[in-house]
Amino acid sequence: MKLLRQFWSDEGGNVSAFTTVLMLTILIIGIIPGVATLRDHIVQKFGDTAVALESIDQSYSYTVNGVTSQYHDSDTGTLTDPLNGAPADLDLTITPTGE
């Protein structure tokens, strides 16, 4: 406990307020693009999941005692998700208006 109190009262590694503000500013400026990139990747993964769920084929066929039962799922979509493209082929561009 004495060692902890000694570290707490030590003035040897004193930091000025300017240095603290500068470091926090640099940290916040670095966090903003990181959070935006994380958001974009999460949206991309949700789009990939939507394409995967849309592409599930539920068709089946089986035979029991010579009787065949089958179902062909004709609703299977043809969505594609190109590599590094917009999620689920969504057009995320905003066209400029002539204001």
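Accessible areas come from the Shrake-Rupley method with a 1.4 Å probe, and for residues only the protein chains shown count as cover. I looked up the surface of the chain first, and the accessible surface comes to about 9,100 Å², of which 64% belongs to carbon and sulfur atoms.

I noted that this is a predicted model, in which local features need pLDDT of at least 70 and side-chain atom pairs count only at pLDDT 80 or more, while totals for chains, interfaces and linings use all residues. Residues are numbered from 1 along each chain as its sequence is written, and side-chain values use heavy atoms, with hydrogens and water left out.

Next I looked up the secondary structure, taken as DSSP runs numbered from the N terminus (helices: H or I, at least four residues; strands: E, at least two). The chain has two helices and two strands, in the order α-α-β-β along the sequence.

How much of the chain is buried, that is, under 20% relative accessible area, where over 50% is exposed and in between is partly exposed (1.4 Å probe, protein chains only)? I found that 7% of the 99 residues count as buried.

L24 lies in helix α2, residues 17-54, and counts as partly exposed because its relative accessibility is 46%.

Last, I turned to aromatic pairs (rings of Phe, Tyr and Trp, its six-membered ring, with centres within 6.5 Å; planes under 30 degrees apart are stacked, over 60 edge-to-face, the rest tilted). The structure holds two such pairs. Y60 and Y62 form a stacked one, with 6.0 Å centre to centre and 20 degrees between the planes. Ring pairs link Y60, Y62 and Y71 into a cluster.
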